[in-house]
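Please read the points below with the sequence and the model open beside you.

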Amino acid sequence: MASMQEQNWDLESGDCIQKETSSSSQTPSSSILSSSFLRRRPNQERPPVGMFKQFLNNLRLVFLGTKLCVLIPAIPLAILGQCYGFMTRQQWIFALSLLGLAPLAERMSFLTEQIAYFTGPTVGGLLNATCGNATELILALFALRERKILVLKYSLLGSVLSNLLLVLGSSLFLGGLANLKMEQTFDRKQADVNSLLLLLGLLCHVLPLIFGNSVEPQLLDDMDQNSVVWLSRTSGILMLVAYGAYLFFQLRTHRQFFEAEGEDEDELSENEAVIGFWSAFIWLVAMTIIVAILSEYVVGTIEAASDSWKISVSFISLILLPIVGNAAEHAGSVIFALKNKLDITLGVALGSATQISMFVSWHNSALQVPVSVIVAWTMGIPMDLDFGLLETSCLGFSIILTAFTLQDGNSHYIKGVVLCLSYAVIAACFFFHKMPASESLYQR
């Protein structure tokens, strides 16, 4: 394919550089484009030279380069309120921390993409696939450290359900309304692959549930309970193997299934590195530390927020946490659907759900699953994949409903309506589902 000369400014040195790139390498993946439309278009003028000016320029790009920057003041307020105690009510610490996680999640995705421009398509794709849901993973690990197993399970399950029903449903609904006079179509190959992996995750989720209930409660002894834990650990390892095969399939052998097509030059021009490798790496480390701090606040104050607001912990963990943590990704998916780019929308919604289900710990539902189970194993915590009959049923019906929705390769707004209403029904179910005493948060 024809090659072209590309002129960029090196922000690390301030020098003008020219590089030759093939047109095939300029096709962005859905993971890179997932939230790009939430970002402000960077200034294409020559960047300032000098370490201090470069720092100021990077500061502007990192903190003011997103439309979610209006939520950034919540971060210092939450930290100061927790450290100096001027906020006596813990529910406000929870609310501010939760709001602060939204822009941080989007900025971590942005910084990961910047690093990916310097590492090549394979490593870059792996970084985007692995770090794209870093906020949820960190939150899950802190819940695990506090041994709040149900909070961990509900948050993971909520991430999967929100991607499958809320994100995909709202995208199909709004995209169908914006394109009433044309039929929206997409490539079924990507949807089929993700659906198969989600069904595999569902199987690994259902078997511990059935296994644990196959013995009469009065006959259930420590050996049988230990068998459920070991079955879950084995399933977690196999889920990691499946996720590795999925990455190899996506990044090496069948990349064409996951590439975004039909992007115009303006959209492609936005997908250029605007910050240097080491600058992006340092900012990513700093963002990760801040996310860890806020995640600790969220996990530590969730019960106080539940008691104060009279909302069950299950609803907060399953509905509120995933919506805030994935806000940027959700908005990007909707915007691509409005532009009639459903392949990218499916890459964002189904891809994230698959990652949660297959990677972060076959997390009781979708993304953080295997990792959570394996990490719990190393910490001596007997975490299993038995999420309960109600929770597992919601996950199973959501996956099956999504698979039926995408089976014909085309879309219209009524499909989005059905998915959104399904999510609303599940949300209502857990709103009225009152979790037992607070000690139940620590083990099922």
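1. Helix H4 is mostly covered, with 24 of its 30 residues buried; buried means under 20% relative accessible area, exposed over 50%, and partly exposed in between (1.4 Å probe, protein chains only). Helices (H or I, at least four residues) are DSSP runs, numbered from the N terminus. H4 covers residues 90–119 and reaches 42 Å from its first C-alpha to its last, close to the 44 Å expected at 1.5 Å a residue. The expected span is 1.5 Å times one less than the number of residues.

2. Some ground rules apply. This is a predicted model, in which local features need pLDDT of at least 70 and side-chain atom pairs count only at pLDDT 80 or more, while totals for chains, interfaces and linings use all residues. Residues are numbered from 1 along each chain as its sequence is written, and side-chain values use heavy atoms, with hydrogens and water left out.

3. Helix H7 (residues 149–178) is mostly covered too: 25 of its 30 residues are buried. Its end C-alpha atoms are 42 Å apart, which agrees with the 44 Å that its 30 residues should span. H7 bends by about 40° at Ser162, where the bend is the angle between axes fitted to the seven residues ending there and the seven starting there.

4. How many disulfides does the structure hold? The structure holds 0; a disulfide is a pair of cysteine sulfur atoms within 2.5 Å. The closest cysteine sulfur to that of Cys394 is in Cys429, at 5.3 Å, which is too far for a bond. Cys394 is buried, at 11% relative accessible area, whereas Cys420 is partly exposed at 24%.

5. The structure holds 5 salt bridges, each a side-chain nitrogen of Lys or Arg within 4 Å of a carboxyl oxygen of Asp or Glu. In one of them, Glu303 meets Lys148 at 2.8 Å, N to O. This pair links distant parts of the chain, since Glu303 lies in helix H11 and Lys148 in the loop between H6 and H7, 155 residues apart. Glu303 is buried at 19% relative accessible area, and Lys148 is buried at 4%.

6. Arg145, Glu146 and Glu296 are linked in a network of salt bridges. The closest N and O atoms are 3.4 Å apart for Glu146 and Arg145, and 3.0 Å apart for Glu296 and Arg145. The latter pair joins helix H11 (residues 277–309) to helix H6 (residues 134–145), its members being 151 residues apart. Arg145 is partly exposed at 43%, as are Glu146 at 36% and Glu296 at 35%.

Technical notes: Helix = DSSP H or I, 4+ residues; strand = E, 2+ residues; numbered from the N terminus.
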